[in-house]
Amino acid sequence: MTVGLDTAQFTQETIELMERMGVTRASLEGGTLAATSPISGETLAMVKEDSVEETSVAIGRAHDAFKQWRKLPSPRRGELVRLLGEELRTYKNDLGKLVSLEAGKITSEGLGEVQEMIDICDFAVGLSRQLYGLTIATERPGHRMMETWHSSGVVGVISAFNFPVAVWSWNAALAFVCGDSVVWKPSEKTPLTALAVQALYKRAAAKFGEEAPAGLMEVIQGGRDVGETLVDDKRVPVISATGSTRMGRQVGPRVAERFGKSILELGGNNAAIVTPSADLDLTLRGVAFSAMGTCGQRCTTLRRLITHDSVYDALIPRLIKAYSSVKIGVPTEDDTLIGPLIDKDAFDNMQKALEAAKAAGGKVHGGQRVLSKEFPEAYYVQPAIVEMPGQVGPVLEETFAPILYVVRYTDFDEAIEIQNGVGAGLSSSIFTKDIGEAETFVSVVGSDCGIANVNIGPSGAEIGGAFGGEKETGGGREAGSDAWKAYMRRATNTINYSGALPLAQGVKFDV
Ligand code: NAD
């Protein structure tokens, strides 16, 4: 842990990094939105916020850009995404470091987030030649029926603080190859990484040339009112919103009201089941990373450990020991595994949840604030394990902090019931060597989540798969598989080359 660190160094470092990536110093000064580092609590920059009117103008620019962009063949659109991937490769270290400074992630996770951006760019470049429709058997002779996928329009991207850049890229890389333009409202807690990404995008667009219209990628900075302006605008047919279930409850109905489409990626309350046959060494490592990594601030963070009675005493004391010895500190320092919480609100919410757990009969290990002398304006915590008498009280909700609730089970069906017995449905996992249990868990009567893993924790995902979850997680899917379809509109075309006019279903209508 670091004592007496010269925290002003973060501000200096941030400005240098951002200038290297092409952000002007002027855009870091004189605004009203404070960009704060959770590492030290210091203000790194003051960014300009967009007004409701400016947001509307930006949407107008994106709408005009879409009308041009959709006309370009999609493999050509893929070239822009390829160039974006190149910029991200070149500036991976700088952008990764900026993610650490602004969102508090440890170095490998900051870099990992940028790698995810690179990976989705690669994926989208390939996809740009694979936006396939179907040819469908028609009942009418001399006809052909087919399905075509067209660009949708402006895609509004609202993102959360905890994946400040990757979430944009999951959406934008796909949207661009699909022929859409993007208006991005990043979290008000992470405006700087968004400015850096915008600067890197501009470099890629300049290399691509004039075929990339101005307005293809707009960034609007600010809080909820800016987000609401985007959500309510009829020129934005698709809203992809990533954040809390509370946010999704507000955004979903508003988009539906105007018959827009939404891709909702909301909160998770992810569990792992540890069965009698589990490899406990592997389980321990899987659980420790999934539950403590990113200081418990991943949507896929492991929050509930459903442990069979027969392995409880062999696993839980070891886990408690691992929790107490993990290195907490400045995330950019070597060997740090746990960085800070994002802010004081996050800390207060964590403490409230721990109090509620105690009141419900829970036994709390850890959870206290640490490093408060060194960093009075930042919030570092000892990750908490809470042994619970059952799945009650705060266990049923997502608290965005490193709290792992442990509950016991005796019967496999009961374990599945506990796993599925919460509102969220994002990610889940089982540790087992029993093939029957593993297959049941991933089957229709098993986990009800969008992600169900075997012998690997619920946290993290590869971009090749569709990412998202069910129930209060919102049902949206981003990234791989056929997630691209949500960014396009589908048309069914029937072409009559017969010279006659046979009607479907044998209908006769001779005039
Ligand atoms: P948040 O809901 O507070 O904010 C997310 C974004 O929504 C921000 O940009 C915010 O300004 C905006 N917003 C909030 N209310 C809005 C409204 N009424 N209209 C329009 N925009 C609005 O979430 P957060 O604290 O930044 O992030 C943490 C949450 O995000 C957790 O619940 C986490 O599980 C979730 N998350 C989910 C995924 C996923 O893919 N499922 C990924 C990352 C984070």
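In the predicted model, Glu 265 places a polar side-chain atom 3.3 Å from an oxygen atom of the ligand. A polar backbone atom of Gly 243 lies 3.4 Å from an oxygen atom of the ligand, and a ligand nitrogen atom is 3.5 Å from an N or O atom in the side chain of Arg 224. The ligand taken alone exposes 850 Å², of which 94% is buried by the protein.

The shell around the ligand consists of 28 residues, the closest being Glu 188, Ser 244, Gln 250, Leu 266 and Glu 398. By class, the shell comprises eleven nonpolar, ten polar and seven charged residues. Helices H8 (224–232) and H9 (245–257) each contribute at least two residues to this shell. The largest share, four residues, is supplied by H9. The space that the ligand takes is the largest pocket.

Across the whole structure, four cavities of 30 Å³ or more were found. The largest cavity has a volume of about 50 Å³. Its lining is formed by Ala 103, Gly 104, Lys 105, Ile 106, Thr 294, Cys 295, Gln 297, Leu 337, Ile 338, Gly 339 and Pro 340. Six of the residues lining the largest cavity are nonpolar, four are polar and one is charged.

Definitions and conventions. Residues numbered from 1 in each chain as written. Predicted model: local features only at pLDDT ≥ 70, side-chain atom pairs only at ≥ 80, totals over all residues. Heavy atoms only, no water. Near = heavy atom within 4 Å. Polar contact = N/O pair within 3.5 Å; in protein donor to acceptor, adjacent residues only side chain to side chain. Areas by Shrake-Rupley, 256 points an atom, 1.4 Å probe, with all protein chains shown as cover. 1 Å grid on protein atoms, 1.4 Å probe; cavity = no way out; pocket = protein on both sides within 12 Å on 5 of 7 lines; lining within 4 Å. Sits in = over half its atoms within 2 Å of the grid points. Nonpolar A, V, L, I, M, F, W, Y, C, P; charged D, E, K, R; others polar. Points joined across faces, edges and corners; volume = space filled by probe spheres on them.
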